[in-house]
Amino acid sequence: MAVRRRIGFPLALAVGVAALTAAPAAHAEPAVRLLGQQILPHAMDFHGTTVGGLSGIDYLPGTGEYVLISDDRSERAPARGYTARFAVDANGVGPVAFTGTFPLRTAAGTVYPPKSVDPEEIRVDPWTGDYFWTQEGERADAVLADPSVRVARPDGTFVAELPIPDDERMRPDSGPRRNAALEAATFAAGGALFVTAVEGPLLQDGPDATVTSGALTRITVQARFGPLLAQYAYPMEPVFAESRPEPGRGGNGVASILAADPLDPAKFLVLERAYVEGVGNKIRIYEADAAGATNVLDAPLGDARPVAKRLLVDLADVGLTDIDNIEGMTWGPRLPSGERTLVLVSDDNFAANQITQLVALAVR
């Protein structure tokens, strides 16, 4: 039927009903599809370091390389990052070639001693090319060490440290839970803003997510040179399944955040990484919009309006045969189709029963 042909109402209605009953419904193309993946060899050696624990990734469009950060707490080698090159295109993900490694350094110029730092996320400053990286601090029996955002040159030399909100400092009865602090970070508004997210709820913000209820964590926005501007409640999903054979051994948290558009100050992709013992991992990526959320900087969440969110993709739905502990994501090169590529990396925890996978998705 020609689009502009005039048809009387009864005939048009009959044609429409016949079409609905006689023809299958058209299926919209998915917003996200799998391009491919590469799995790195376990305990791979590169320049005398063990490649593993890759918890953050960012793209260097000027060189076509990627920068990655390991969450090795200077136990296998000094805390460090890597650069690597691999093709991401309509044919999938090409072989991975590591091109460099660099130790992260303290303000005194030394490498970090064992267990003194816990790196998690890394982002390339679009203005200077420096690396902004987060670390989770520590909450242990006799140790309360604050998480932090630090700035390094591409060779790992210390440049600066940004302030963090007072409510994210480690105190006996408040602040981040152990190993659930600054796991996620991104630049926004063309590089004018730096945005971080706490992996799990602060102690003062309520309990962790369970199989019956979600939890609230916080997204913090600050100027690139430090001043804190806003903080928003982010609603995490409940844990997707009960652990087995012993219940209660699972969790969900924010592992990475990424500006949805480089120029937009309020829209982000948020990667929720869940693990349930005896079941496995679930990785979901949400589109989040903070434009209508309540600013709760250093304030109780109360009845604050949280960030709005909607599911972009559940990796269980794209055809991956394995889904490991994916913690990092970055935009990669744009495809000739106009689709953007989203590149993910998993943290194998240096464990022989886990994998380091680099996954590429196409996003419409």
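Three strands, β12 (138-139), β20 (250-259) and β21 (267-276), each supply at least two residues to the lining of the largest pocket. Strands here are DSSP runs of E, at least two residues, numbered from the N terminus. This is a predicted model, where local features need pLDDT of at least 70, side-chain atom pairs count only at pLDDT 80 or more, and totals for chains, interfaces and linings use all residues. Residues are numbered from 1 along each chain as its sequence is written, and side-chain values use heavy atoms, leaving out hydrogens and water.

A pocket is an open set of points on a 1 Å grid over the protein atoms alone, where a 1.4 Å probe fits, with protein on both sides within 12 Å along at least five of seven lines; lining residues have an atom within 4 Å of a point. A volume is the space filled by probe spheres set on the points, which are joined across faces, edges and corners.

| Largest | About 780 Å³ | N179, E183, E199, R273 and E327 |

In the largest pocket, β20 gives the most to the lining, with four residues. That lining divides into four nonpolar, 11 polar and 18 charged residues (Ala, Val, Leu, Ile, Met, Phe, Trp, Tyr, Cys and Pro count as nonpolar, Asp, Glu, Lys and Arg as charged, and the others, Gly among them, as polar).

Now for the second largest pocket: its lining has 10 nonpolar, six polar and five charged residues. β24 brings the largest share, five residues.
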